[in-house]
Amino acid sequence: MNFTKSHEYLKRALKTVPLATQTFSKGYKYFPKGVSPVYLDSGDGSHVWDVDGNEFIDFICGLGPITLGYNYFPVNDAIIHQLNFGIIYSLPHPLEVELSELLVEIIPCAEMVRFSKNGTDVTNAAVRLARAYTGREKIAYRGYHGGGNDWYAITTEKSLGVPRILDNYILPFEYNDLDSLRAQFDLNPDQIAAVIMEPMITDSPLPGFLEGVKKICEQNNALLIFDEVITGFRWALGGAQEYFNTIPDLATFGKGIANGMPLNAIVGRADIMRLLENVFFSYTFAGECLSLAAGLATVNEMKDKNTIKHCWDMGKILRSGLKTIGMDTLGYDCRPYLVMPNNQVWRSKLLEQLFLRGIMIHIGGFINICFSHSEDDINNALNAFEDVLKIIDNTELHGEVTTIAFKRL
Ligand code: PMP
């Protein structure tokens, strides 16, 4: 495989684009430089092509947004149709109403909806709303909620430029450990506005855990916010809240909602959401219509074709195949997580050797499956994994060792 053009672009980018990427997790440092593509320029279904013409089955799926597939007809068609009428206007567009009604219909906690472009925008809105509603300022959290938020960036090693004082306002707790959450409420009585959490990442919730979090919030008059930017449109059509039958006060959705178009949503209880009349959450592009049209087409497609079940089914085949060849996974079938040795060289070799066999995965270990992944794709991936696992311990790394996108402190 030849990556010449990718490296020419990278060389140019390093002069004009800091870190040569717009998204940390897509940066060249997170892939084995030298023996991996750096720039992609097309996709179709579950396959992508890099600028040198190499083809890969993509298990990153744009870090999550590609839930149906690249170049997916009904969604492309909806975007093109809308493009003929306009992208953005000087007043709201009916698509805002139509998509919010659809989300209210399918997401259990959704009574009202507002849109924006990034997960960061909507998690920030949720935290502001909780502060406004409760009159308190501290937040308990568990998960990733967007480094564009000062209140979250302070919890990572990439917190340059963030006022240190914010450290006092964000309190971690452990997943599946209700005592760690109770301890934060005990230490900060009447000060915690909300618990914001990803309902699940890799570990399944222990019986009673999510309900327990909700109860602790209720007992302490704090709000429960589920950050469903990842779990939304993957665990179930109504998100992890539907799957686990635990209904939060507010929830944030993004990534999977519009098959790659930039759209995120904050949804929740009407009495809280109405405070958005005075909580500042307003963006020039928030009502941009190509993304809303894509969102409507994507969610309707998911509903009509039960695309989420297909992703679970493909994930199940992948996980059981991986187990047979000695590779463990965590998480659920809809988003398996590869258990890899804590060794960057080993991980880099795995990526490099998979790339050479036409399989694209991320160093983070998450496998994103979309509706366009076929059983053939899964079997091809399993064959590649099997070949690589046989040779990995006796193979040199040819590219550079990857680093981790960023560490949580
Ligand atoms: N919440 C979760 C759970 C996420 O995974 C992400 C992005 N990875 C975000 C929020 C932030 O989204 P964005 O990068 O679109 O701002």
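Biologist: What makes aspartate 313 partly exposed?
Modeller: Its relative accessible area is 31%. Buried means under 20%, exposed means over 50%, and partly exposed is what lies in between, with a 1.4 Å probe and protein chains only. Aspartate 313, at 31%, therefore falls in the middle class. Before we go on: this is a predicted model, in which local features need pLDDT of at least 70, side-chain atom pairs count only at pLDDT 80 or more, and totals for chains, interfaces and linings use all residues. Residues are numbered from 1 along each chain as its sequence is written, and side-chain values use heavy atoms, leaving out hydrogens and water.

Biologist: How do you know that lysine 309 and aspartate 313 meet in a salt bridge?
Modeller: The term asks for a side-chain nitrogen of Lys or Arg within 4 Å of a carboxyl oxygen of Asp or Glu. For lysine 309 and aspartate 313 the N to O distance is 2.8 Å, so the pair qualifies. They sit 4 residues apart in helix H11 (residues 307-324), which means about one helical turn separates them. Helices here are DSSP runs of H or I with at least four residues, strands are runs of E with at least two, and both are numbered from the N terminus. Lysine 309 is partly exposed too, at 46%.

Biologist: How many salt bridges does that rule give?
Modeller: The count comes to 11. One of them joins glutamate 105 to lysine 303, with the closest N and O atoms 2.7 Å apart. Glutamate 105 belongs to helix H3 and lysine 303 to helix H10 (residues 289-305), so this pair ties together parts 198 residues apart in sequence. Glutamate 105 is exposed at 53%, while lysine 303 is partly exposed at 36%.

Biologist: What separates arginine 182 and aspartate 179 along helix H6?
Modeller: About one helical turn, because they are 3 residues apart in that helix. Their side chains meet in a salt bridge at 2.6 Å, N to O. Aspartate 179 counts as exposed at 53%, and arginine 182 as partly exposed at 37%. There is also a network of salt bridges that links Asp249, Arg269 and Asp271.

Biologist: Why does lysine 349 have no salt bridge?
Modeller: In general, side chains of opposite charge can pair when their charged atoms come close. For lysine 349, which is buried, the nearest side chain of opposite charge is aspartate 393, 5.4 Å away.

Biologist: Which backbone oxygen lies 2.8 Å from a polar atom of the lysine 349 side chain?
Modeller: That of threonine 395. Lysine 349 itself lies in helix H12 (residues 344-356). Leaving aside neighbours within four places in sequence, lysine 349 is in contact (heavy atoms within 4.5 Å) with Ile392, Asp393, Thr395, Glu396 and Leu397.

Biologist: How do you know that isoleucine 272 is buried?
Modeller: Its relative accessibility is 0%, so it falls under the 20% limit. Isoleucine 272 is in helix H9 (residues 270-273). Beyond four places in sequence, its contacts are Leu129, Tyr133, Leu223, Asp249 and Leu250.

Biologist: Is cysteine 61, with its positive phi, buried or exposed?
Modeller: Buried, at 1% relative accessibility. Its phi is about 55° although it is not a glycine, and it lies in the loop between strand S3 (55-58) and H2. Asparagine 176 has a positive phi as well, near 60°. Its place is the loop between strand S6 (170-172) and helix H6 (178-187), and at 23% it counts as partly exposed.

Conventions:
Lys and Arg count as positive and Asp and Glu as negative; His and the chain ends are not counted. A polar contact is a pair of N or O atoms within 3.5 Å; within protein, one must be able to donate a hydrogen and the other to accept it, and residues adjacent in sequence count only if both atoms are side-chain atoms.
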